[in-house]
Amino acid sequence: MADIVLRPLRLEDAPRVCLWMNDKDTVRYLGGGFENPVSLEDAKERIALQLDGEFTGERFAVSFADTGEYLGECSLLLPDGRAKKAKLALVLLPGARGRGYALQALKLLLDYAFLQKGYQRLYLKWAFKNQ
């Protein structure tokens with residue numbers, strides 16, 4: 001299995017972001033907000049919110065360590081610095097699933113959240129039917 005890393009999102013990730021955001025099998029488990037087709041410009045705007053510091057939380061690209069190829073993304077959402085807690089989120093491109101990348105990404109995100117950010121409690125909502 002190839003090594004993966006978490007890295008900052010880049011505007012050049014937008015075409016691959018569009019792939020998962022427009023995949024009905026992917027977004028049906030994400031709890032809403034992804035019902036409409038997403039354009040390349042929409043994806044770029046979504047990434048720009050993170051780059052400009054206007055996104056509440058932190059989002060990272062999940063990518064191969066050697067090439068930087070975007071495989072999906074993971075996030076710390078709704079962070080509460082006083083209570084030291086946040087919600088975790090993870091989404092992978094359809095072709096990146098079933099290879100252990102989700103587990104690797106979650107381990108990296110947990111290490112970052114607990115060891116570097118000092119969070120004490122993290123939440124992950126998982127759809128039971130999502131395999």
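## A buried glutamate and its surroundings

Let's start inside the chain: the side chains of Glu73 and Tyr70 are joined by a polar contact of 2.8 Å. A polar contact here is a pair of N or O atoms within 3.5 Å; within protein, one must be able to donate a hydrogen and the other to accept it, and residues adjacent in sequence count only if both atoms are side-chain atoms. You are looking at a predicted model, in which local features need pLDDT of at least 70 and side-chain atom pairs count only at pLDDT 80 or more, while totals for chains, interfaces and linings use all residues. Residues are numbered from 1 along each chain as its sequence is written, and side-chain values use heavy atoms, with hydrogens and water left out.

**The overall layout.** The chain has 4 helices and 5 strands, and from the N terminus on they follow the order β-α-α-α-β-β-β-α-β. Both kinds of element are DSSP runs numbered from the N terminus: helices are H or I with at least four residues, strands are E with at least two. Of the 131 residues in the chain, 37% are buried. Buried means under 20% relative accessible area, exposed over 50%, and partly exposed in between (1.4 Å probe, protein chains only).

**Back to Glu73.** This residue sits in strand 3 (residues 70–80). Is Glu73 buried or exposed? With a relative accessible area of 3%, Glu73 is buried. A second polar contact, also of 2.8 Å, joins its side chain to that of Arg46. Glu73 also belongs to a network of salt bridges with Arg46 and Arg59. Leaving aside neighbours within four places in sequence, Glu73 is in contact (heavy atoms within 4.5 Å) with residues including Leu9, Trp20, Phe60 and Val91.

Phe60 lies in strand 2 (residues 57–64) and is buried, at a relative accessible area of 14%. Besides Glu73, Phe60 touches Cys74, Leu109 and Tyr112, among others, not counting residues up to four places away in sequence. Phe60 and Arg10 are 50 residues apart in sequence, yet 9.4 Å apart in space, C-alpha to C-alpha.

**Salt bridges.** A salt bridge is a side-chain nitrogen of Lys or Arg within 4 Å of a carboxyl oxygen of Asp or Glu. How many salt bridges does this rule give? The count comes to 7; the table shows some of them.

| Pair | Closest N to O |
|---|---|
| Arg10 and Glu12 | 3.2 Å |
| Glu69 and Arg16 | 3.2 Å |

Glu69 and Arg16 form a salt bridge. The pair links distant parts of the chain, 53 residues apart: Glu69 is in the loop between strand 2 and strand 3, and Arg16 is in helix 1 (residues 14–21). Glu41 and Lys44 are separated by about one helical turn because they are 3 residues apart in helix 3 (residues 40–51).

**Cysteines.** Cys18 is buried, with a relative accessible area of 11%, and Cys74 is buried too, at 1%. How many disulfides are found in the whole structure? The search finds 0, where a disulfide is a pair of cysteine sulfur atoms within 2.5 Å.

The chain exposes about 8,200 Å², and carbon and sulfur atoms supply 53% of it. Accessible areas come from the Shrake-Rupley method with a 1.4 Å probe; for residues, only the protein chains shown count as cover.
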